[in-house]
Amino acid sequence: MDFSSLNAVAMIVLLIGAATPILLAAIGELVAEKSGVLNLGVEGMMIIGAVTGFITATTTGSPMLGFAGGALGGALVSTLFAFLTQYLHSNQVATGLALTMFGLGLAALMGRNYNGIKPPRTDRLEVPGLSDFPVLGELLFSYDPIIYFSVFLVFAVWWFLNRTRGGLVLRACGENHDAAHSLGYNVQLIRFGAIMFGGACAGLGGAYVSLVRVPQWTEGMTAGVGWIALAIVVFASWKPWRVILGAYMFGGITILQLSLQALGISISGAYLSMTPYIVTIVVLVIMSADRKRASINAPACLGRSFHASH
Amino acid sequence: MKFTKTLAAAAAMGLALSGSAYADADPVKAGFIYVGPIGDLGWTWTHDQGRLAVEAEYGDRVETSYVESVPEGADAERVMSQMARSGVDIIFTTSFGYMDPTINVAAEFPDVAFAHATGYKRAENVATYSARFYEGRYVIGQIAGAMTETNKIGYIASFPIPEVVRGINSAYLAAKSVNPDVEFKVVWVYTWFDPGKEADAANALIEQGVDVIMQHTDSPAAMTIAEEKGVYAFGQASDMSAFGPNAQLTAILDNWGPYYIDRVGAIMDGTWESTDVWDGIGAGMVGIAPFSDKIPADVQALATETIAAIASGELHPFTGPINKQDGTVWLADGEVADDGTLAGLNFYVEGIDGELPN
Amino acid sequence: MLRLEQRQQPSKLMLYLTPVLAVLTTMAVGGLLFVALGIAPGRAIYLLFIDPFVDSYNLSQLFVKASPLILIAMGLSIGFRAGVWNIGAEGQFIMGALAGGAVGLALWGMTGWWILPLMAVAAALGGALWGLIPALLKIRFNASEILVSLMLVYVAENFLAQMVQGVLRAPDGMGFPESRNLGRNEPTALPDVFPALGINAGGVTMLVLLALAFFLLQKHALGFQIKLTGDSPRAARFAGVKPGVIIALCLGVSGAAAGLAGLFELTGAAGKLTIDFPLGYGFTAIIVAFLGRLNPVGILLAGVVLAGTYIGGENAQFMLKLPAAAVTVFQGMMLFFLLGFEILINYRVKRLRRAV
């Protein structure tokens, strides 16, 4: 087999584009989970972001406003989940699933008049001189602003969680909400904020799908990306930097599979498609088996409702 | 006594008469069952365009209804039954997976006509219809073969089923006929609709030097990528030039309107019967969108000629000599593939690289 | 200003009243949505909530849609009671259908009353084994069963796709990726038992299992242990309950139930294995389990109501031209209200005066 025509640089550029919506949604979900909330509504928030972002961008003509609109849409719809789970103590798993259902329906209704429209183009960030540099120029300076922002966001989340007092408090809510409460922190409010941050990130990821990756709006276009984001958080063992690794690896497997086919190499799509999930399970097992390490990463109160006793 | 009886009879007759007069004024009801949302801009959207064409044609004389995103199986059976019970005269079931449900429900409602798209099971009140999309693929294959400069044509394929394999073979034979050096790169994405993955596939193909892309998936994602990367592509199912004003060379159009209008008209005349329609360019079920001015005049002329020849029946895309991929003879010189073989086509023709997944 | 105050005792009244309140609120807010879409709200609500339960044809479809949801939710609820979060029922549903379907296809052409029961055993085993993977990883490695079971859904979906394009593909199916029709083949087709409500042999099995679950949870010592594990894991350990056993039991049982549901769907409603065979029942059932408050009777009711809105939603689409998406929004809203109003069972709303 002749692999020489597989251009590694081009493939990396492609996989980063494919991975960015997953990355954005996953880093948001990570923050929510770190605060102790399991939100299975990522897919619903993403599709809402995809449609609100698309509507904003096409009406204003500005892709940047579109991304903001997507993030806002995702954050707004996530408040439904936040209110129900934090103040009405509804079960997070069930509420998250309901959110996905609601979001898919609402997005389809909202987008009914936006079929067949091309959104304004999101330009790549050209760095004079550097973008034209061979290999490195393409590898580092050939992306749109959102891709840089997504990496920055991962850094910011890492910094916030590990280097700031606010991050410490947020993690405390996820580790032991009773203790955080007795220290005087408003667990519900903190979680509310974390859920909205997750919603904004998911919405931004959705907008990236409808404005950059496949610039168009069609019903159900996120096609399960939100669920993959959930897997990536686990794969990353709740560590921000590993979310990048996970998202890019997942994107990489998809791109590699398609590129190998384009090269003329037959591979079984179905078996290859399951590998990321199996790898995620293996990582989860390895990580969980070491109880000491697991206790540092996996939030102990994940998915558990907090009732402040009066 | 006698008088009242007569009166009653007359009244009953009058009622019956007015009843039948009423029936004449009663619009014909046509129901449509869709597998996806009408906003998919692909398969379901084209069928809904057909439904709208029926409404436009007959106005008040017809009443149409539809249900979107109906899963194939028990749900489909239920929706069909409900439609039949509500007094619908003809039901179009527009996905292959509705085949068995259609047959089952049709048996329970012998007075309702059913038409099932792309299947192969018929009954007294179940017709089938499908389009010879491979004819359209032959036309675009020729254009692709003439337009490619790298001699590499990319093909985004959904599932390895006869319909898709037929399209690949037809397009390849056509491309080869105008460009002996042409090479096909087929990528199977195992989905009908996943814009993200379709976009990835287009990107991966372009990366491999492909400069013309064909697709057999539903979304316009590949077209948008082609536009962005400056390569050519063909619209699938509908005109996608809005997504690729520079990229789209032409498009294969799924044009169900004429068939739907004809069948609903047959219900009105009372002449409907179960038929197996497999129409192509000739009958207008498969259309070719206007050519892009990027296509040179001689290629346009050739394509126009091909369209005419296919429409008249003079040219059949699968005319021998054609060998199978392994080199064995499929069609002898001058031999034309019969519909039965085409319906179950499960091999590549000679010259296509790569293995057909089983 | 309003505030919530915890009740001393869960309110019995609210337990029964909240679902009614939630449905009424859904009707009101949903009605507004329909008005906004230009659709007669009264007619739409009638079609969604009343017609499915009064029209004889709709009734004959009710349990076709409700049975799989109820059966899966029943299994899941046992685990949820114990704090074992299996959210991968969709995967177990697929693996059950694959295992049972494979047996049926392997025995194609043979006849005998034993074929269908054998398929059911295979399906239950298939689903249970798929459910036991997260159980084992939880017990042995402390890996979260929520996440492992979810990941296994995608593995199962891809496996199904591979199977129907490969070994399980119908030899006479013109190359389409689908199996033979097990629902149209005498020895493998699920017989109807009470067609007026859409109850077939699978529906009967579901009802029997539901009664068993009720007995288990209310009367049996094991049910007590399960509930104790969920309420207070520490107390359970003191009481001699082995957490590993409970985890394996819960995931095994819920997996088996989902697997059975998969087979019943295959041999009853769907007939064939195709790539699109899974319809998300495994996920919807999680919602059904919670709407039913993890109680067998509640689950039965929740499953029936949700199934009704699916059936009514289809009718509203072609009778009123209500978009499919509006039905989904409506269902999502109903779930939100049902989940939200539950708070009133354990809390009361109090008006807070500033002077206090």
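Two residues are taken to be in contact if their C-beta atoms, placed from the backbone, lie within 7 Å. In this predicted model, the contact between chain B and chain C takes 30 residues from chain B and 25 residues from chain C. On the side of chain B that touches chain C, the elements giving two or more residues are β2 (62-67) and α3 (74-85), and α3(B) gives the most, with 7 residues. By class, this side of chain B has 14 nonpolar, 11 polar and 5 charged residues.

Elsewhere in the description of chain B, an open sheet of 6 strands with mixed pairing has the order β7-β6-β8-β9-β10-β12, and its edge strands, β7 (183-188) and β12 (286-288), each pair on one side only. The twist averages 20° from one strand to the next. Within this chain, strands β8 (residues 212-215) and β9 (residues 232-237) pair in the parallel sense over 2 bridges, and B:Ile213 has B:Ala233 of β9(B) as its bridge partner. Helix α5(B) packs on the sheet, where β6 (152-157), β8, β9, β10 (248-254) and β12 of chain B are touched, and the direction of the helix makes about 175° with that of β10(B).

Helix α5 (residues 133-147) of chain B also packs with helix α6 (residues 162-178) of chain B, at an angle of about 35° and with the axes 7 Å apart; the crossing of α5(B) and α6(B) is right-handed. Residues making this contact include B:Phe133, B:Tyr134 and B:Ile140 of α5(B), together with B:Tyr172, B:Leu173 and B:Val178 of α6(B). By class, the contact of α5(B) with α6(B) has 12 nonpolar, 6 polar and 3 charged residues.

Methods:
Residues are numbered from 1 along each chain as its sequence is written. Chains are lettered from A and ligands numbered from 1 in the order in which they are written. This is a predicted model: local features need pLDDT of at least 70, side-chain atom pairs count only at pLDDT 80 or more; totals for chains, interfaces and linings use all residues. Axes are lines fitted to C-alpha atoms, for helices over the stretch in contact, and angles run from 0 to 180 degrees between N-to-C directions. Helices (H or I, at least four residues) and strands (E, at least two) are DSSP runs, numbered from the N terminus. A crossing is left-handed if the near helix is turned anticlockwise from the far one by less than a right angle, and right-handed if clockwise. Ala, Val, Leu, Ile, Met, Phe, Trp, Tyr, Cys and Pro count as nonpolar, Asp, Glu, Lys and Arg as charged, and the others, Gly among them, as polar. Two strands pair if DSSP finds at least two bridges between them.
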